[in-house]
Amino acid sequence: MMEWQISDQDIQAVEEILLPHGAQFPEDATNVIRCWHSTDVAACPGSGKTTVLLAKLKLLADRMPLENGAGICVLSHTNVAVNEIKNRLSDYADRLLSYPNYIGTIQSFIDRFVTMPYLRNISGQNVQVVDSLTFAQQVLSKMQHDAKYSALDYVTKNNFETGKQFSERINHTQALYIRDDGALCIGRQQKPLAGAGKTSAEQYKKLLVELLEDEGMIRYQDAYVYASTAIGELPAEYADLFSSRFQYVFIDEYQDCNNLQRQAIDAIFDPQKCAVFKIGDSDQAIYNSAEDTTPDWMPQPDFLPIITSCRFNQEIANVICKLKKGEKNIVTLAGATGVKPVLLVFSPENIDRVIGGFISALDRHELYDNNGIYKAIGAVKREDLSGLKIGSYWTEFDGSANKKNEYSYWVLVDEIVQYLLEGKLYKAEQSVRRLLCRVFHYISIKHPISGKDYTIVAMKNALDEKYRGQYRQWIYEMSRIKTIDRHSVDQLLRQKINELLRIGNPSLTDIFTVLPAFFLEESTSVNHADIAEKNVLIDPIRGRRIIFDTIHGVKGETHDATLYLETDRQGASDLNRILPYFGIGRCGSSSLYDSSRKLAYVGMSRPKKLLCVAMQAETYEKSKGVFDADWEVVDLRG
Ligand SMILES: Nc1ncnc2c1ncn2[C@@H]1O[C@H](COP(=O)(O)OP(=O)(O)OP(=O)(O)O)[C@@H](O)[C@H]1O
């Protein structure tokens, strides 16, 4: 691999392309830009990690094609990298986004290069990962119709009939699994249906192998185990192959990689043979779920740090650095500006004053720009949970708001095609439900209880209750499509949607004739007019757009001003749980303390100019004035 010499002119050229006029990269950032051997990069929020990555990509693009036909590989968790390249390095996008380079998500990289080839090898065909119900349908049908599974059928039927835990056999089948010790078990029942090595347990295992070999099907829950086996069995030559195929590997937001993804990356890329850059911030790891045992990322001791934040002022840095785990220090390019973060203290009965309080704070700080980015964010959006959530602050907030792509039939069709090609039938199935939600929306079929549009979860329940057989057959047929493309998927969708709707309305001819033309339009552009500015509150006086979102939703973003909303989870609020980091009380043993810390850290580090935090009076009273010095406290109670 090449240790490129990067001249001052090179640095200036990227500064001109990527930074605000006249701005420069701080020294710690240029150290990273100039480094071309494997290294970890640990950086604070707003340090310009993404910008530094783009700078390196631009410098590499200048030097392409690389020797021996090698490419670069950029992995992230969402498609942010691709979008950032298109938006900020548009002149280089063609070169960067084409062969031999690979730019995409970590998971799709592992699926495509590790798990799927492994499964294809066993199965002799393309494999689909299916949801557990579709899978159970196949298992049940084989058990009932194939004599070689008669022992299994007998044992499970008997358990279903005597156990009375499940109302239907399919749900019973869905709950079958092989325990680590090889016994056949069901649901939460401790006692196995059959011990390891017993005929029915062996038959069940055989059946799973048969489904993989004959139908090319694995269950979503088992994908992790297959992936792990695939990584474990990756031949050593593979690492050589990948390390010469990709000379420069960048993994953005490395802290969000789970154990398996980390293992896969380590197995695929040899840091001695190619330059591997793991870029991240362990304090911003908010994607690992509670069950996930992935430990916090610990960068290698010789890591390169970027400790200068280019986003916010020192006053914001001083309060959020308390939420960091290691070195509690963030330097800022802007320094102290005299603008403290604002704490809006409210009482529950006056929670509707919070947004007004935010708008007044924007006014006081002369943030008048209508094109500015103003966001109100919180950790919890789920409407069915009790306690404070984003919707408590603004009743029009819709936690299930659709994303842009749901407003075009063809975008959804393309998404389904893509998932099927990647072998992700379970994802394609979710997109089918999303499509059905849109169709129901346009033909005004509402949920009978809520009276609102169907959500994809409500759609799942409705399909399971009313149309299970037909719907599962539909999904199964989708997995059997011979040539997966727009045309074949479109045909199947039209046919199946019509069939499904004909169950309730036999005289229906073709529902597609009554769907709006803009929805069916084949151009890829999305009809923005139809996206009725969901979750955007227009400030009634000045017309600023205040966008409501989750903290997860705004990860990686830069705002002009951010309003952080206190929300509750499992009986306590996030702000309550972070009080110990400000010196009040102690953290409990629950992992919620650490996840609240990281969520608050990510959320509060978004704004460039103004951070506001909405805090309930009760939490504020508990804080014993610890915020009074560093924050401007605005009392909304009176
Ligand atoms: N050297 C610089 N001088 C001035 N502004 C900069 C500089 N580097 C980056 N920026 C700006 O600072 C903001 C934050 O940059 P960026 O989004 O790359 O940070 P990040 O480290 O990826 O953030 P986070 O980890 O919080 O998601 C952006 O608006 C970017 O344009």
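Me: Why is Thr-50 called partly exposed?

Reply: Thr-50 has 27% relative accessibility, so it counts as partly exposed. The cut-offs: buried is under 20% relative accessible area, exposed is over 50%, and partly exposed is in between, with a 1.4 Å probe and protein chains only. Keep in mind that this is a predicted model, where local features need pLDDT of at least 70, side-chain atom pairs count only at pLDDT 80 or more, and totals for chains, interfaces and linings use all residues. Residues are numbered from 1 along each chain as its sequence is written, and side-chain values use heavy atoms, leaving out hydrogens and water.

Me: And what makes Lys-49 count as buried?

Reply: Lys-49 has 12% relative accessibility, so buried is the word for it. Lys-49 sits in helix 3 (residues 49-62), and Thr-50 is in helix 3 too. Helices here are DSSP runs of H or I with at least four residues, strands are runs of E with at least two, and both are numbered from the N terminus.

Me: Which residues is Lys-49 in contact with, leaving aside its neighbours within four places in sequence?

Reply: They are Ala-43, Cys-44, Ile-279, Gly-280, Asp-281 and Gln-284. Contact means heavy atoms within 4.5 Å.

Me: Where does UniProt place the feature "binding site"?

Reply: The unreviewed UniProt entry puts it at Ala-43, Cys-44, Pro-45, Gly-46, Ser-47, Gly-48, Lys-49 and Thr-50. UniProt positions follow the numbering used here, feature names are shortened, and annotations may be inferred rather than shown by experiment.

Me: What does Glu-84 touch, not counting residues up to four places away in sequence?

Reply: Glu-84 touches Thr-50, Leu-54 and Leu-89. Glu-84 itself belongs to helix 4 (residues 80-88).

Me: What makes Leu-304 partly exposed?

Reply: Its relative accessible area is 22%, so Leu-304 lands in the partly exposed class. Leu-304 is in strand 10 (residues 304-306). From Leu-304 to Ser-47 it is 257 residues in sequence and 13 Å in space, C-alpha to C-alpha.

Me: Why is helix 1 called oblique to helix 3?

Reply: The axes of helix 1 (residues 8-18) and helix 3 come within 10 Å and cross at roughly 125°. That angle makes helix 1 oblique to helix 3. The scheme: under 35 degrees is roughly parallel, over 145 roughly antiparallel, 65 to 115 roughly perpendicular, and the rest oblique. Axes are lines fitted to C-alpha atoms, for helices over the stretch in contact, with angles from 0 to 180 degrees between N-to-C directions.

Me: Which residues of helix 1 and helix 3 meet?

Reply: Asp-10, Ala-13, Val-14, Ile-17 and Leu-18 of helix 1 meet Thr-51, Leu-54, Ala-55, Lys-58 and Leu-59 of helix 3. By class, that contact has seven nonpolar, one polar and two charged residues. Nonpolar covers Ala, Val, Leu, Ile, Met, Phe, Trp, Tyr, Cys and Pro, charged covers Asp, Glu, Lys and Arg, and the others, Gly among them, are polar.

Me: What makes helix 17 roughly antiparallel to helix 18?

Reply: The axes of helix 17 (residues 409-421) and helix 18 come within 8 Å and cross at roughly 165°. With that angle, helix 17 counts as roughly antiparallel to helix 18. The contact of helix 17 with helix 18 has nine nonpolar, one polar and four charged residues.

Me: Is the crossing of helix 18 and helix 20 left-handed or right-handed?

Reply: Right-handed. A crossing is left-handed if the near helix is turned anticlockwise from the far one by less than a right angle, and right-handed if clockwise. Helix 18 (residues 425-442) and helix 20 (residues 468-479) have axes that come within 11 Å and cross at roughly 125°, and therefore these two helices are oblique to each other.

Me: How do you know that Asn-68 counts as exposed?

Reply: Asn-68 has 78% relative accessibility, so it counts as exposed. Its phi is near 55°, a positive value in a residue other than glycine. Asn-68 lies in the loop between helix 3 and strand 2, and Pro-65 is found in that loop as well. A cis peptide bond, with omega about 0°, joins Met-64 and Pro-65.
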